[in-house]
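We will walk from stop to stop.

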Amino acid sequence: MGSDFADINNDGCLDLMTLDMFPEDNFRQKMHGTEYNYDKYLLTKKLNIPTQFIKNTLQINNCNGTFSDIALMAGVAHTDWSWTTLMADYDNDGWKDIFVTNGYRRSVIDNDYVKYTQDSLFKQIDRSTLNIDMIINAIPVHKTKSYLFKNNANLTFTDVSATWNAGPPEFSNGAVYVDLNNDGYLDMVSNNIDEAPFIYKNNGLASRKNNFVRIDLKAEKGKTAFGTKVELTDESGMTQTQYFYPSRGFLSSVEPIIHFGLGNKKTIKEAKIFWPNGRMQTVTDLKLNSLNTITYSAASEKSPKLVNANLYFEDITEKSGLDYAHQENEYIDFKREPLLHRKFSDEGPTVATGDVNNDGLDDIYFGGSTGFEGKLYLQQKNGKFKLKPNEDFVNDKVFEDVGSIFIDVNGDKNNDLIVVSGGNEFPLLSPNYQDRLYLNDGSGNFKRADKAMPAILSSGSTISAHDIDGDGDLDIFRGGRVASGQYPTAPMSYLARNDKGVLLM
């Protein structure tokens, strides 16, 4: 499907949006979602065959050579059978918005058609009467709306399709943005199959007082401006970045103008033009609310080498000596509860950190899934970690560890360990949902205290500690996760008061 590059968070790095064909509402998801057998999915994972999940992606550029897909968080993951995405500033507030066109002439993946109508046609007794027109005409027709999303300037978008008017349902594919009436607000044109195109007039000038700058690039003689980078810095110090690539969306080309919205900013500090030949040109006399022509200057300075200032962390996993790799037991929740929207049996591992041997260094506990024991690693003075075997952890490997915390439960100044049991593999009220307390002797040797925890036989999720009664010791909150076998019933969460090393509900 279509794609577009634009800097949606004004950090100077171009982000990427690609479209797919997953509907927004539950009915169309069920009617047009491709069936993906869960057993087949697990088999592909075992065989290292790539799996496909149908949704849009909004790949935020981390400015360090990597991208992170934030489409679900941003609210733009599901826009049906989409074709064009155009990221541009449609309200001139200084942040790129998103327009998405939608529609397919015949719903060839309509599940009722695929499973029933098409099958019935192919099973006709007299196959000689079956022809291609009969098959095509039997395919349902579902016109779908296009989408407009407003950039909230915080990596999320608001669906403004109705208020901004993304148009009526149609079979829309290619689209462009262009200021048709030269009022400084981008209009749009979208192509429709078997119908006249839509022309969207942007009425922003009548409802907003936002400023803008438009730039027409003129490259050196005999050259093209394609690939030119423009960095525009306003009075507040905020910098917007765009590249001159008119080919956008899906089989379309937008107007050959660089357009910046400025919101209520009234002055431009400068614009830096990075030409394709490696030269940089600084412009300080841009006019607001106008089309500015910038012509390549042979006197332009060489573009400076970019320094990556976004690498804050270094991966030291191999240096640390941590040889831990989480293993998950195989259990398919959907076999017992087909209405589940996700699995609750593989949410680990839980991790807790704290100094357990009083050497001033933080140590790490990794929880295990059912059938695999939790593991404790002690930090050495050289920064590496060493596994500390524990017999009680091995004996308790039937539990699914989903939450953990190091706290001093019995007041001996040593960090004890509480582990919350969860998952979804066991029936309701199974003893395998019992949480556990392991007391520490001060050297990192833990022993399970069998009667110190309240009897809670439901799947848990999280744990936190606080002195809620002001008696000087830490009490705990234990969050519930799921009522096994009774979705969507929610389990209870609990507060437990610490009474001299015994936790009481």
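Start with one definition: buried means under 20% relative accessible area, exposed means over 50%, and partly exposed lies in between (1.4 Å probe, protein chains only). This is a predicted model, where local features need pLDDT of at least 70, side-chain atom pairs count only at pLDDT 80 or more, and totals for chains, interfaces and linings use all residues. Residues are numbered from 1 along each chain as its sequence is written, and side-chain values use heavy atoms, with hydrogens and water left out.

**Stop 1: salt bridges**

A salt bridge here is a side-chain nitrogen of Lys or Arg within 4 Å of a carboxyl oxygen of Asp or Glu. By this rule the model has 24 salt bridges.

Select Asp346 and Lys343. Their side chains meet in a salt bridge of 3.7 Å, N to O. Asp346 is partly exposed, at 31% relative accessibility. Lys343 is buried, at 12%.

Next, select Arg336 and Glu337. The closest N and O atoms of this salt bridge are 3.7 Å apart. Which of these is it, buried or partly exposed, for Arg336? Arg336 is partly exposed, with a relative accessible area of 33%. Glu337 counts as buried, at 8%.

Now pick Asp234 and Lys265. This salt bridge has its closest N and O atoms 3.8 Å apart. Asp234 lies in strand E13 (residues 229-234), and Lys265 sits in the loop between strand E17 (258-263) and strand E18 (268-274), so the pair ties together parts that are 31 residues apart in sequence. Strands (E, at least two residues) and helices (H or I, at least four) are DSSP runs, numbered from the N terminus. Asp234 is buried at 3% relative accessibility. Lys265 is buried too, at 16%.

Then select Asp91, Asp93 and Lys150. Salt bridges link them in a network.

**Stop 2: a buried threonine**

Select Thr241, in strand E14 (residues 239-243). Thr241 is buried, with a relative accessible area of 1%. What does Thr241 touch, not counting residues up to four places away in sequence? Its contacts (heavy atoms within 4.5 Å) include Asp7, Gly12, Leu14, Lys96 and Phe260.

**Stop 3: a hairpin**

Show residues 375-379 and 385-388. These are strands E24 and E25, which run antiparallel and are joined by four bridges. Two strands pair if DSSP finds at least two bridges between them. Click on Leu376: its bridge partner in E25 is Lys388. Five residues lie between the strands of this hairpin, and Gly383 takes a positive phi near 90°.

**Stop 4: an open sheet**

Now find the four strands of an open sheet, in the order E26-E27-E28-E29, with antiparallel pairing. Strand E26 (401-407) and strand E29 (446-448) are the edges: each pairs on one side only. Neighbouring strands of this sheet are turned by 25° against each other on average, direction ignored. For that angle, axes are lines fitted to C-alpha atoms (for helices over the stretch in contact), and angles run from 0 to 180 degrees between N-to-C directions.

Zoom in on E28 (residues 436-440). E28 pairs with E29 in the antiparallel sense over three bridges. Which residue in E29 is the bridge partner of Asn440? Select Phe446 to see that partner. While you are here, remember that in a regular strand the side chains alternate between the two faces of the sheet.

**Last stop: a helix residue**

Select Leu43, in helix H2 (residues 38-46). Leu43 is partly exposed, with a relative accessible area of 49%.
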